[in-house]
Amino acid sequence: MSAREEVLSRVRQALGADRTPPEEVVRDYRLTDGRPAGDPALLELLVDRVEDYQATVLRCAPADVGATVRAALDQGLGSGWTAGDVVVAPGLAEDWRPAGCDVDDDRPAVQLADRAASVTAVAVAVAETGTLVLDGSPACGRRALSLLPDCLVCVVTADQVVGSVPEGLGRLDPLRPLTMVSGPSATSDIELQRVEGVHGPRTLLVVLAG
Amino acid sequence: MKVALFATCLVDTLTPSVARATATLLQRLGHEVVVPPGQSCCGQMHVNTGYRREAVPIVANHVRAFAGAEAIVAPSGSCVASIHHQQAAVARRAGEHRLADEAEELAGRTYELSQFLVDVLGVTDVGAYYPHRVTYHPTCHSLRLLKVGDRPYQLLRAVRGLELVELPGAEQCCGFGGTFAVKNADTSTAMLTDKMANVLGTHAEVCTAGDASCLMHIGGGLSRLRAGTRTVHLAEILASTEEAVTPDQQTRPAVSA
Amino acid sequence: MTATVPPKAPTFLGLPTAPRGVGHLRGDQSFPDAARGALRDGQLRANLGHATSTIRGKRAKVVDELPDWAQLREAGRALKAATMARLDDHLEELERQVTARGGVVHWARDANEANEIVTRLVQATGTSEVVKVKSMATQEIGLNEALEAAGLDVFETDLAELIVQLGEDKPSHILVPAIHKNRAEIREIFARTIPGVDPDLTDDPRQLAMAARTHLRERFLRARVAVSGANFAVAETGTLTVVESEGNGRMCLTLPETLITVMGIEKVVPTWRDLEVFLQLLPRSSTGERMNPYTSTWAGVTPGDGPQEFHLVLLDNGRTAVLADEVGREALHCIRCSACLNVCPVYERAGGHSYGSVYPGPIGAVLSPMLTGVEDNASLPFASSLCGACYDVCPVAIDIPSILVHLRAEHVEAVARDRERPTAEAVAFRGLAKVMSHPRLWHLAQRASRLGRLIARGKPTLPNALPPPVSGWTRSRDLPTPPRETFVESWVREHGS
């Protein structure tokens, strides 16, 4: 018998002949937050939760994203940065990109480690947990883009902000490679005390438009 | 109300004053107390040590002894929890379905003392007087299995003369755990040490709880250290009155027998 | 020449358990013996006390924040129960979906088979270095040792796993394997073992984390093969999930050409939607955060993004034996959050190593004995005072105390089956059961206990030096002298029967 057949037959033996339908799962937890996506209170909550992770949020009007991204890079890299320090997702809106910056292409992923900062969009943001989700779409970029540069700038638009985890997951495509980001990389491995900044980006800046 | 008192095997054999105090308290509140003489043990020690089959006749004896009782009260959260959560299960596993049904039905009428006082009788001031500094240890099975919550605190706060001091780390287990105290004596002692440190840190004269077994463990440790702080069961405090308070609360009931 | 009889393969409820001689599920000492040493280690006690009290406070705060925690917990429990009831169907669906998206699924009956599969897959890539994401399953099967025996270099990349690996130590906690080490001890390990480390390295946790970052950066960038575990695998979509904090997981899941994920079969969940429950329960229970810094999900292979070769190894290693136990199968619901360890008064004092298994604490005390067969870990179900704190915090409501009690009975009954003569304990408990079920015998026995009054010689407590098993009590606690009369006796004397 192959390992596959054997493991499956063990499972069936363990469960026995009684194949009565499994119990019903009651989903009486909160499926929605009750507030529509982009509700001002949700934006406030998102800011509060993201800042709680020691990340920085810069709010702006939808028309001012480009300038605010540059301001975010000033904060993350210091004002002396140049366009060559920054790599952006290939599908990032033109007017959000710093002028002359590098656009991610088919280069080997590890080469992204040479860049000081990256800029991406997000697919959805969950206010209650302060979570941004990147879904590998052109605007979010491949996974290595938001991982290797030490400073990550994510642009979130108001309509992308939902209240709860169930709402957030409901907007995502599980077949895409997803990265859920809640603050900069961190560890609690030394005395269970949280320290921000390990292997992933040590600085996370969120530009919230709207 | 006619109340059948389940003394529990440990209290009956080693600390009868706790059962005596329970009876006196219930009588003082105007209830008739009966003590079925056929009672022995709920079976918890057997179940928790792995002798669940052997526990079945003990459960049967318990059900026999208390058959027909209107309400059963025990001064032990742990034993009442076993009656509620274990008796029927071990009987059912052994194929004794009738016994399991009877045990279940009896469990529905079995109460831990503080729950009986507050929920069934609806009293929190039982008219007690106990002029001592007291700290309360919420024993695990009362706390987590029976969810007695703040009922013991309500009862203690209403006792005249009693100064209630908060126990730090109150919800941490004292380390008794039945045969755990012997099979894992070192770990049990380490847990006891921390519990005693917290008790002694309150400078209370008395550490009380709703379980004589945990109190025997904590009290045994304090006694070994010659700490001076003594353990007194909640029932003994609630049974005490101006007419019957003695400084020797631990071994003698504070009420005139 | 004498023919050697191969040792009988252990089974539990008729199904094969995790084999002996491989992996880390069995200790070489019983729990009480191992704990005895650990209890004398004041540094260990201080480290554990500090870390667990920190995390208990954080967990309580973020759990209290959710108004629907009880409903999420119940949904989590029910989802796991429903999944186990159709585990075969879900595994087949997972296999179909992963395969359809370019992954390769392997099945491993046990630790040896899983180790062979992974070793073969790594060797096929021609590389000699493997980077690893922290994974309980690969710890359980001793994968690192197997890969090293095949001449491969294995790099643990989780900070705590790195501390354990560099210190040539053993993990002592599910989430934070180096919880038994404090910052000063970690500084010492790093200063001694990391080549080229800053000689001025202090014990500031941030500096220590930065030292790990520098040490591993180069390895991530050149890695060609990574091995991971999985927190969840969604059957309907073939989506794998890794929940982490440091970004080492993302490095391993994203940069190498080949990714090999080893996953216990119980980690499957039926639908994508089910993650809406578990991704709320897990981080709050685990690190006490609203959400962990990084959660990565992937389904098979994505062209142009991440590893272009993906292997999923589905591991049994005793899990089907656990599934066969109708009471104990609930232990398979565990999502490895380690909340039960952090609240356990026994774990907090005895430490993780005392359990002898990679799964310590309350969940380990039920899971390890079932994975190995109870007799190979017979002391673990007794390593609990049954205080119930573990059940209260478990995000999927595993009734650990009831399973502990059940396994104690399984052990007692196995001993009774296997031995010709009963143990002294069994004789005593059987005798006591007979006595306690007959009131007349019980009253005689109670009277006999009054013999204790003779050795007490009028003192309120019995002497300290008494024979075993009473000595287990009297070594550290006084035992009261039995009273002259039991309560029932005196009551009957006063009131009649």
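User: Happy to have you along! How many residues of chain B are in contact with chain C?

Analyst: A word on the basis: this is a predicted model, where local features need pLDDT of at least 70, side-chain atom pairs count only at pLDDT 80 or more, and totals for chains, interfaces and linings use all residues. Residues are numbered from 1 along each chain as its sequence is written, with chains lettered from A and ligands numbered from 1 in the order in which they are written. Two residues are in contact if their C-beta atoms, placed from the backbone, lie within 7 Å. On that basis, 51 residues of chain C meet chain B, and the number of chain B residues is 56.

User: How do the residues on the side of chain C that touches chain B divide by class?

Analyst: Elements giving two or more residues to this side include α18 (400–418) and α19 (424–436) of chain C; helices (H or I, at least four residues) and strands (E, at least two) are DSSP runs, numbered from the N terminus. Ala, Val, Leu, Ile, Met, Phe, Trp, Tyr, Cys and Pro count as nonpolar, Asp, Glu, Lys and Arg as charged, and the others, Gly among them, as polar. The side therefore divides into 29 nonpolar, 13 polar and nine charged residues.

User: Which pair of chains shares the most contacts?

Analyst: Chain A and chain B do not touch, their nearest C-alpha atoms being 18 Å apart. The contact between chain A and chain C takes 58 residues from chain A and 75 from chain C. Of the two pairs in contact, the one with the most contacts is chains A and C.

User: Which element gives the largest share of the side of chain A that touches chain C?

Analyst: Each supplying at least two residues are α1 (3–15), α4 (165–170), β9 (178–181) and β10 (186–187) of chain A. With 11 residues, the largest share comes from α1(A).

User: What is the bridge partner of Thr179(A) in β11(C)?

Analyst: Two strands pair if DSSP finds at least two bridges between them. β9(A) and strand β11 (residues 294–299) of chain C pair in the antiparallel sense over four bridges. In β11(C), the partner of Thr179(A) is Ser296(C).

User: Which are the edge strands of the open sheet in chain B?

Analyst: The four strands of this sheet run in the order β2-β1-β3-β4 (chain B), with parallel pairing. β3 (residues 71–74) and β4 of chain B pair over three bridges, and Val73(B) stands opposite Tyr111(B) in β4(B). Helix α2 (residues 16–28) of chain B packs on the sheet, touching β1 (2–5), β2 and β3 of chain B. The strands that pair on one side only are β2 (32–34) and β4 (110–112) of chain B.

User: How is α12(B) oriented to α13(B), parallel or perpendicular?

Analyst: Leu192(B) and Met196(B) are among the α12(B) residues that meet α13(B), where Ile218(B) and Leu222(B) are among the partners. Helices α12 (residues 185–201) and α13 (residues 212–224) of chain B pack at about 75°, with axes 10 Å apart; axes are lines fitted to C-alpha atoms, for helices over the stretch in contact, and angles run from 0 to 180 degrees between N-to-C directions. Angles under 35 degrees count as roughly parallel, over 145 as roughly antiparallel, 65 to 115 as roughly perpendicular and the rest as oblique. So α12(B) and α13(B) are roughly perpendicular.
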